[in-house]
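Good morning, and thank you for coming. Please look at the sequence and the structure together as I speak.

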Amino acid sequence: TELGLDDKFKVDSCGLLGTCGTEMPRFPNMMGYADLWALTDSHLQRLGIEVPETQTAKPIDRAIAQEASLILAMNREILCELPGNLINQFPDFGFKMRLFSEMAGDICDLPDCDGKSDSQMYQEVVFGIDSIVKNGIKKMCMLTDVLPQTL
C-alpha cells in the first residue's frame with residue numbers, strides 16, 4: 001500500500017499438499033486446525049493481520065507456476081529437497097523460484113511449524129515472515145520487473 005502497488009500484484013498462497021499424489025489439506029484454511037490456529041492467531045493479531053475465513057488452502061499446479069512471476073518457498077525442503085519439491089515438479093520454472101528469505105537479502109529457511117506446539121517458534125515464524133515482507137518488497141518488485149532496478 002505504501003508504495004502504491006496494490007493493483008500491480010496478485011498474491012496466491014499455495015502449498016505442496018495435494019500435489020504429487022499427496023492428500024489435499026483436511027480443512028479449507030488454517031482456522032480449521034484448532035491447535036495450530038491457537039498458536040498463530042495471537043501473533044497475527046499483534047501485527048494487525050486478519051486471515052479471512054474465505055481464504056482457502058490450495059496446492060500449486062502447473063498453471064499457477066506458469067502464470068507466476070515469482071515463486072517463493074519458505075525453506076529448502078519445499079524448494080528442492082522433499083520428494084515432491086517445487087523444482088522437481090516444475091523444473092522448467094526453476095528460474096523464477098527463490099527462498100522467501102531472499103527477499104530481505106538473506107538465505108535461510110523459515111521452519112515448518114506443522115506438528116509443532118512451541119508457541120515461541122510460531123511467534124518467530126510469524127514475525128519473521130512479516131519482517132521479510134516489509135524489508136523485502138522492493139527486491140521482490142525488482143525481481144518481478146514492477147519497479148525500476150534503481151530502488
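This is a predicted model: local features need pLDDT of at least 70, side-chain atom pairs count only at pLDDT 80 or more; totals for chains, interfaces and linings use all residues.

Residues are numbered from 1 along each chain as its sequence is written, and side-chain values use heavy atoms, with hydrogens and water left out.

Let us begin with the salt bridges. Side chains of opposite charge can pair when their charged atoms come close. The term salt bridge here means a side-chain nitrogen of Lys or Arg within 4 Å of a carboxyl oxygen of Asp or Glu.

Helices (H or I, at least four residues) and strands (E, at least two) are DSSP runs, numbered from the N terminus. As for exposure, buried means under 20% relative accessible area, exposed means over 50%, and partly exposed lies in between, with a 1.4 Å probe and protein chains only. K58 is partly exposed because its relative accessibility is 30%, and D12 is partly exposed at 37%.Another pair is R76 with D109, where the closest N and O atoms are 3.1 Å apart. R76 is partly exposed, with a relative accessible area of 30%, and D109 is partly exposed with 35%.

The next pair is D130 with K134, with the closest N and O atoms 3.0 Å apart. Both residues lie in helix 5, 4 residues apart, about one turn of the helix. Are these two partners buried or exposed? D130 is buried, because its relative accessible area is 15%, whereas K134 is exposed at 57%.

Helix 5 also holds V133, which is partly exposed at 37% relative accessibility. V133 and S101 are 32 residues apart in sequence and 8.9 Å apart in space, C-alpha to C-alpha.

We now turn to K96, in the loop between helix 4 (86–89) and strand 4 (97–99). K96 is buried yet has no salt bridge. Which side chain of opposite charge is nearest to K96? That side chain is D92, 8.9 Å away. A polar atom of the K96 side chain does lie 2.6 Å from the backbone oxygen of A68. A polar contact is a pair of N or O atoms within 3.5 Å; within protein, one must be able to donate a hydrogen and the other to accept it, and residues adjacent in sequence count only if both atoms are side-chain atoms.

N29, in the loop between strand 1 and helix 1 (34–46), is buried at 10% relative accessibility. A polar atom of the N29 side chain lies 2.9 Å from the backbone oxygen of E53.

Finally, E77, E81, D112 and D114 form a negative surface patch. Patches are made of residues with over 30% relative accessible area and no salt bridge, with like charges joined within 9 Å and nonpolar side chains (Val, Leu, Ile, Met, Phe, Trp, Tyr) within 5 Å. E77 is found in helix 3 (residues 76–81) and is partly exposed at 40% relative accessibility.

Methods
Accessible areas come from the Shrake-Rupley method with a 1.4 Å probe; for residues, only the protein chains shown count as cover. Lys and Arg count as positive and Asp and Glu as negative; His and the chain ends are not counted. The place of a charge is taken as NZ of Lys, CZ of Arg, CG of Asp or CD of Glu.
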